[in-house]
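Please consult the sequence and the structure while reading.

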Amino acid sequence: MKESTSKEKVLKAIRNAQAEADYPKKTMDVDTRTSIYPPIEGSPDIYFAHRLEDNRGRFIYCENMHEAMFNLQHIVAENKYDAIYTNEPDIENFLKESSINFVNYEQGLKKAQAAITLCECLVARFGTIVMSSRQLTGRKAHTLPEAHIVIAFKGQVISEITSAFQFLQNKYGRSMPSMITFITGPSRTDAIQGERVYGVNGAKELYVLYIDI
């Protein structure tokens, strides 16, 4: 039968195109396993340090806990931080040994100039810090104070983002965190008159004290 309208011609062309399409074959041909990035060459921790600094974070290598204490004291003195927050017992002991005053209650966080936390792991590929809701401090430590100081250790460095989920799975098993946060450099935005501004939606300064033990 002769097609009577342009509309019928268009609909017929669409039906024919759908019938000829080989969707399952095209989907199966997509490689979702091979990484689009070249392998990381050299040490992942050194790669992480370079990427963190590319993102305007500061990487501070510490050979041991004593050196970490010294560097932390220097950061506090250099920036004149007199209101520091943490509520993680391991860090509280660390600060007491370093003679650094701190607060560990919720209202104190709102007034703190800097927060000190641990992390879940470090992703070398992007210089990213991974935190989760299973940590005592949570996400507020990165969003409220002007500075976020992260204490990390050698065994926490992994190569890729995809490995972070396996890292957490190995750590928590079936009790995975309800929220996972990826922090790649200080808070920044380009939405204010087209200029990059730091510290609008979170910490303006980001430090990683990397302890090589």
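A residue counts as buried under 20% relative accessible area, as exposed over 50%, and as partly exposed in between. The model discussed here is predicted.

Q: Which residues of α3 are exposed on the side other than that of its buried residues?
A: The buried residues of α3 are D45, F48, A49 and L52. They cover an arc of only 100 degrees around the axis, so they lie on the same side of α3. On the other side of the helix, the exposed residues are H50 and D54.

Q: Against which strands do the buried residues of α3 pack?
A: The residues concerned are D45, F48, A49 and L52, the buried residues of α3. Their packing partners are β1, β4, β5, β7 and β11.

Q: Is F48 buried or exposed?
A: A residue is buried under 20% relative accessible area. The relative accessibility of F48 is 0%, and therefore F48 counts as buried.

Q: What is the geometry of the pair formed by the rings of F48 and F59?
A: Ring planes over 60 degrees apart count as edge-to-face. The ring centres of F48 and F59 are 6.1 Å apart and the planes stand at 65 degrees, so the pair is edge-to-face.

Q: How many residues apart in sequence are the parts that the pair of F48 and F59 ties together?
A: F48 belongs to helix α3, which covers residues 44–54. F59 belongs to strand β1, which covers residues 58–62. The pair therefore ties together parts whose separation in sequence is eleven residues.

Q: Over the ring of which residue does the charged end of R56 sit?
A: R56 follows α3 and has a positive phi, near 75 degrees. Its charged end is 3.9 Å from the centre of the ring over which it sits, and that ring belongs to Y198.

Q: How many residues apart are E78 and R58, whose side chains meet in a salt bridge?
A: Side chains of opposite charge can pair when their charged atoms come close. In the salt bridge between E78 and R58, the N to O distance is 3.8 Å.

Q: What is the distance between the closest N and O atoms in the salt bridge of E120 with K171?
A: E120 is in the loop between β3 and β4, and K171 is in helix α8, 51 residues apart. E120 is buried at 1% relative accessibility, whereas K171 is partly exposed at 47%. The distance between their closest N and O atoms is 2.8 Å.

Q: What is the N to O distance in the salt bridge of E160 and R125?
A: E160 is in the loop between β7 and α8, and R125 is in the loop between β4 and β5. E160 counts as buried at 19% relative accessibility, and R125 is buried at 4%. Their side chains meet in a salt bridge with an N to O distance of 2.6 Å.

Technical notes:
Residues are numbered from 1 along each chain as its sequence is written. This is a predicted model: local features need pLDDT of at least 70, side-chain atom pairs count only at pLDDT 80 or more; totals for chains, interfaces and linings use all residues. Side-chain values use heavy atoms; hydrogens and water are left out. Rings of Phe, Tyr and Trp (its six-membered ring) pair if their centres lie within 6.5 Å; planes under 30 degrees apart count as stacked, over 60 as edge-to-face and the rest as tilted. Helices (H or I, at least four residues) and strands (E, at least two) are DSSP runs, numbered from the N terminus. Buried means under 20% relative accessible area, exposed over 50%, partly exposed in between (1.4 Å probe, protein chains only). A charge sits over a ring if NZ of Lys or CZ of Arg is within 6 Å of the ring centre and within 35 degrees of the ring normal. The arc is that of the directions from the helix axis to the C-beta atoms. Contact means heavy atoms within 4.5 Å. A salt bridge is a side-chain nitrogen of Lys or Arg within 4 Å of a carboxyl oxygen of Asp or Glu.
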